[in-house]
Amino acid sequence: MVIRERYLKLIRPFYNQELIKVLIGIRRSGKSVILRQIIDEIKKSGVDDNHIIYINFEDYDYEEYTNPKKLNSYIKAKIIDDKKYYIFFDEIQNVKEWEKVVNSLRATGNNSIFITGSNSDLLSSDLATHIAGRYVSFKITPFTFKEVCELLNLTDRRDIENAFKDYVKWGGMPQRFMQKDDMSKKAYLNDIYDSIIVKDIVKRFNVKDIDLLNRIIIYVLTTPAQLFSPDSLRKYMLSESRSVSLETLYNYLDYIIRANLISKAERYDVRGKRILTGKYKYYLTDLGFTNIMSDGRKEQMGAYLENIVFNELISRGYNVKIGTLDKGEIDFIATRFDEKIYIQVTYILSDDKVIAREFDTYKKIDDNYPKYVLSMDQFDFSQNGIIHKNIIDWLMEN
């Protein structure tokens, strides 16, 4: 088992604080495992089992406690002294008005509360005002490539490169590494996909036109890292003999984002220093979903690598935007507190024209923040203060 230290080191300072710890991420991305790793660490610190309460609301044994009053009564009956209790609620979105229960437990006892959820809007509802300013959130992603290498105990360069090819094809959903052949990997990812569609989109948002929803998802999943607008998607649907309103497209795209299946990256005008609206890029939370939907379509290695870099930046805690210039684009502007970096991603720096395209874009930016070009090349093309790195080497960095 991989100890997900990247997240644990961020959460540890809050173990004993009254702030509610919220872990959000796509279904089966490893949130439950992180909770168990936190429980293990808390036990090792000397806390006994009677002061640790864990409920997984996907477990039918706890189905009755999706009722908020029953849940509140059940937890409070387990609190029998003034010592600190550590309460873990897994997939909390299955509980009606969960915010009221969690806030009550936070306010009335010596409790440290941890919750997970599969919906990115878990904290944006009207009820979430009950815990506003009283929580800290962490976005959990599937395995990064470095975590994959740790899981598989890879140190040889050739093995690492082969694992990367597999990672590009099948993604980093943790349990897919238990599947031994391509057929079982595909079946496993299809199962996750179906669960997300049914539980996190269709049921949650009462979607009626499931055929349209699937068409939109397939379009987005098979064209990752492409700049497009709902209007361009509407034109595509018309070419497929499906008439759909822009409002419906906006809603369905929003549902897909809120299920954590994809992420939307906004465009940022580098010179004008403002957010641009109308067109966005959508990145898959896990590239494995592209493979199960592609049906033999041609690989888009440049787009796949860009998607991997986007997810890596998110997992490292960056806020990521697409940079726009008068002529040209910066793949990523990533900011984290006072830090800012620029990144260009390409498959191979195959000739002078490609090298000029990737490096010369930075001539239009007159600040001194670090600027990177990432590709699969082994040779170092760094020049004029712009750092070139092999993508695998960059992913393996701490």
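In this predicted model, ring pairs join Tyr-219, Phe-228, Tyr-236 and Tyr-282 into a cluster. A search of the whole structure finds 19 aromatic pairs, and two of these pairs can be followed in detail.

The rings of Tyr-15 and Phe-114 have their centres 6.1 Å apart and their planes at 70°, and since an angle over 60 degrees counts as edge-to-face, the pair is edge-to-face. Tyr-15 lies in the loop between helix H1 (5–11) and strand S1 (20–24), whereas Phe-114 lies in strand S4 (residues 111–117), so the pair ties together parts that are 99 residues apart in sequence. Both Tyr-15 and Phe-114 are buried.

The rings of Tyr-62 and Tyr-65, with their centres 6.5 Å apart, have their planes at 45°, so this pair is tilted. With a relative accessibility of 22%, Tyr-62 counts as partly exposed, while Tyr-65, at 15%, counts as buried.

Aromatic faces also meet charged side chains: Lys-264 lies over the face of Tyr-280, at 4.3 Å from the ring centre, and Arg-316 lies over the face of Trp-394, at 4.3 Å from the ring centre.

Turning to helix packing, helix H9 (residues 230–239) and helix H10 (residues 246–258) pack with their axes 10 Å apart and at an angle of about 110°, which makes H9 roughly perpendicular to H10. On the H9 side the contact is made by Pro-230, Asp-231, Leu-233 and Arg-234, which meet Leu-246, Leu-249, Tyr-250 and Leu-253 in H10. By class, this contact of H9 with H10 has 6 nonpolar and 2 charged residues, and no polar ones.

Methods. Residues are numbered from 1 along each chain as its sequence is written. This is a predicted model: local features need pLDDT of at least 70, side-chain atom pairs count only at pLDDT 80 or more; totals for chains, interfaces and linings use all residues. Side-chain values use heavy atoms; hydrogens and water are left out. Axes are lines fitted to C-alpha atoms, for helices over the stretch in contact, and angles run from 0 to 180 degrees between N-to-C directions. Helices (H or I, at least four residues) and strands (E, at least two) are DSSP runs, numbered from the N terminus. Angles under 35 degrees count as roughly parallel, over 145 as roughly antiparallel, 65 to 115 as roughly perpendicular and the rest as oblique. Contact means heavy atoms within 4.5 Å. Ala, Val, Leu, Ile, Met, Phe, Trp, Tyr, Cys and Pro count as nonpolar, Asp, Glu, Lys and Arg as charged, and the others, Gly among them, as polar. Rings of Phe, Tyr and Trp (its six-membered ring) pair if their centres lie within 6.5 Å; planes under 30 degrees apart count as stacked, over 60 as edge-to-face and the rest as tilted. Buried means under 20% relative accessible area, exposed over 50%, partly exposed in between (1.4 Å probe, protein chains only). A charge sits over a ring if NZ of Lys or CZ of Arg is within 6 Å of the ring centre and within 35 degrees of the ring normal.
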